[in-house]
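Dear colleague,

I am handing over the structure below, and after it you will find my notes on what turned up in it. Please read them with the structure open beside you.

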Amino acid sequence: MKKFSLLWIACLSALLSGCYSNAQIANANKIVTALPEEVKGCEFIRDIDTPSAYASIGQARFALKYKAFEDKATHIVETHAWPGLISPRFIGVGLSAREYRCAEGKGPKTAKPGAEITYEIPSYDMLFPDDEIFDDFAFSPRPFKRL
């Protein structure tokens with residue numbers, strides 16, 4: 001069952017990774033992740049969140065940067081990461097951030113260490129320890145008992 005889940009996630013990731021053009025990827029990569037003190041004097045646009053949880057924090061970060069590019073932002077400040085269900089047994093990560101538009105010459109040109117949130121995705125069992133509906137043997141055939 002675990003191998004099937006990993007294969008399913010790999011296939012889903014491969015499908016999702018092909019959803020952006022090279023131009024869209026380049027545009028999202030123009031957005032710089034900054035520390036709060038680095039965007040002082042820049043225009044705050046709005047708070048943003050990923051629409052759902054993603055398999056990795058890199059995917060979630062890309063979704064935020066793409067959304068920020070669409071809003072004509074130049075920088076984001078990541079505020080927090082949160083766990084979310086991707087499938088009944090797989091936990092992913094979502095991100096929240098603040099968008100800023102900095103004038104030419106303001107704000108950092110590249111992300112500094114500590115500007116990007118680090119996050120370790122918790123296991124399903126850690127978040128839902130009492131959930132026996134999706135135990136490891138729930139989908140395996142079981143012998144019938146005669147009454």
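In which sense do strand S3 and strand S4 pair, and over how many bridges? Strand S3 (residues 75-87) and strand S4 (residues 90-101) are antiparallel to one another, and eleven bridges hold the pairing; two strands are said to pair if DSSP finds at least two bridges between them.

Before going further, please keep in mind that this is a predicted model, in which local features need pLDDT of at least 70 and side-chain atom pairs count only at pLDDT 80 or more, whereas totals for chains, interfaces and linings use all residues. Residues are numbered from 1 along each chain as its sequence is written, and side-chain values use heavy atoms, with hydrogens and water left out.

As to the overall plan, the protein chain has four helices and four strands, and from the N terminus on these elements follow one another as α-α-β-β-α-β-β-α. Helices (H or I, at least four residues) and strands (E, at least two) are DSSP runs, numbered from the N terminus. Of the 147 residues of the protein chain, 31% count as buried, where buried means under 20% relative accessible area, exposed over 50%, and partly exposed in between (1.4 Å probe, protein chains only). Among contacts between residues at least 6 apart in sequence, 76% join residues at least 24 apart, a contact being heavy atoms within 4.5 Å.

The four strands form an open sheet with mixed pairing, in the order S1-S3-S4-S2. Strand S1 (32-33) and strand S2 (43-49) stand at its edges with a single partner strand each, so one side of each has no neighbour in the sheet. S2 pairs with S4 in the antiparallel sense over six bridges, and within that pairing Asp47 has Arg98 of S4 as its bridge partner. On the S3 side, a hairpin of two residues joins S3 to S4; Gly84 has Gly92 in S4 as its bridge partner, and His80 stands opposite Ser96 in S4. Nine of the twelve residues of S4 are buried, so S4 is largely enclosed by the rest of the structure. Helix H3 (residues 57-70) lies across S1, S2, S3 and S4 and runs at about 30° to S4, with axes taken as lines fitted to C-alpha atoms, for helices over the stretch in contact, and angles running from 0 to 180 degrees between N-to-C directions.

Leaving aside residues up to four places away in sequence, His75 touches several others, including Ile31, Val32, Tyr100 and Cys102. His75 and Thr33, although 42 residues apart in sequence, are 5.7 Å apart in space, C-alpha to C-alpha.

The structure holds one disulfide, which joins Cys42 to Cys102 with an S to S distance of 2.1 Å; a disulfide is a pair of cysteine sulfur atoms within 2.5 Å. The link is right-handed, with 105° about the S-S bond. Cys42 is buried at 13% relative accessibility, and Cys102 is buried as well, with a relative accessible area of 10%.

With kind regards
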